[in-house]
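Please look over the sequence and the 3D structure shown below. A short briefing on folds, contacts and pockets follows.

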Amino acid sequence: MDSVAFEDVSVSFSQEEWALLAPSQKKLYRDVMQETFKNLASIEAIRERDSVKVKKVVNVQKTSVPISV
């Protein structure tokens with residue numbers, strides 16, 4: 001899976017463009033960008049958690065001693 005950065009899904013305005021937005025548009029922009037950031041942070045947390053799980057499994061497999069009967 002390819003990585004996604006905040007810059008990949010965000011929208012940037014120049015100062016001139018920002019000045020043309022109505023207060024309600026600015027609020028909507030802030031709300032959407034905040035939600036987007038939270039979603040990306042959540043995805044990253046899940047990815048890190050899964051990565052730790054994989055590393056633990058790999059470490060256990062490397063340190064396991066075969067039992068002969």
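How many helices and how many strands are there in the protein? There are 3 helices and 0 strands, and the order along the sequence is α-α-α. Helices (H or I, at least four residues) and strands (E, at least two) are DSSP runs, numbered from the N terminus. This is a predicted model, in which local features need pLDDT of at least 70 and side-chain atom pairs count only at pLDDT 80 or more, while totals for chains, interfaces and linings use all residues. Residues are numbered from 1 along each chain as its sequence is written, and side-chain values use heavy atoms, with hydrogens and water left out.

**Surface and burial**

- The protein has 69 residues, of which 7% count as buried; buried means under 20% relative accessible area, exposed over 50%, and partly exposed in between (1.4 Å probe, protein chains only).

**Thr36 and Val9**

- Thr36 lies in helix α3 and is buried because its relative accessible area is 18%.
- Leaving out residues up to four places away in sequence, Thr36 touches Phe6 and Val9; contact means heavy atoms within 4.5 Å.
- Val9 belongs to helix α1 (residues 6-9) and, at 37% relative accessibility, counts as partly exposed.
- Beyond its neighbours within four places in sequence, Val9 is in contact with Val4, Met33, Thr36 and Leu40.
- Val9 and Met33 are 24 residues apart along the chain, and their C-alpha atoms are separated by 8.8 Å.

**Salt bridge**

- The count comes to 1 salt bridge, defined as a side-chain nitrogen of Lys or Arg within 4 Å of a carboxyl oxygen of Asp or Glu.
- The side chains of Lys27 and Asp31 form a salt bridge at 2.8 Å, N to O.
- Lys27 and Asp31 are separated by about one helical turn because they are 4 residues apart in helix α3.
- Asp31 has 37% relative accessibility, so it counts as partly exposed.

**Largest pocket**

- The largest pocket holds about 240 Å³ of space.
- Its lining has 11 residues, and the closest to the pocket centre are Val4, Leu40, Ile43, Glu44 and Arg47.
- A pocket is an open set of points on a 1 Å grid over the protein atoms alone, where a 1.4 Å probe fits, with protein on both sides within 12 Å along at least five of seven lines; lining residues have an atom within 4 Å of a point.
- Helix α3 (residues 23-63) supplies the largest share of the lining, 6 residues.

Technical notes:
Points joined across faces, edges and corners; volume = space filled by probe spheres on them.
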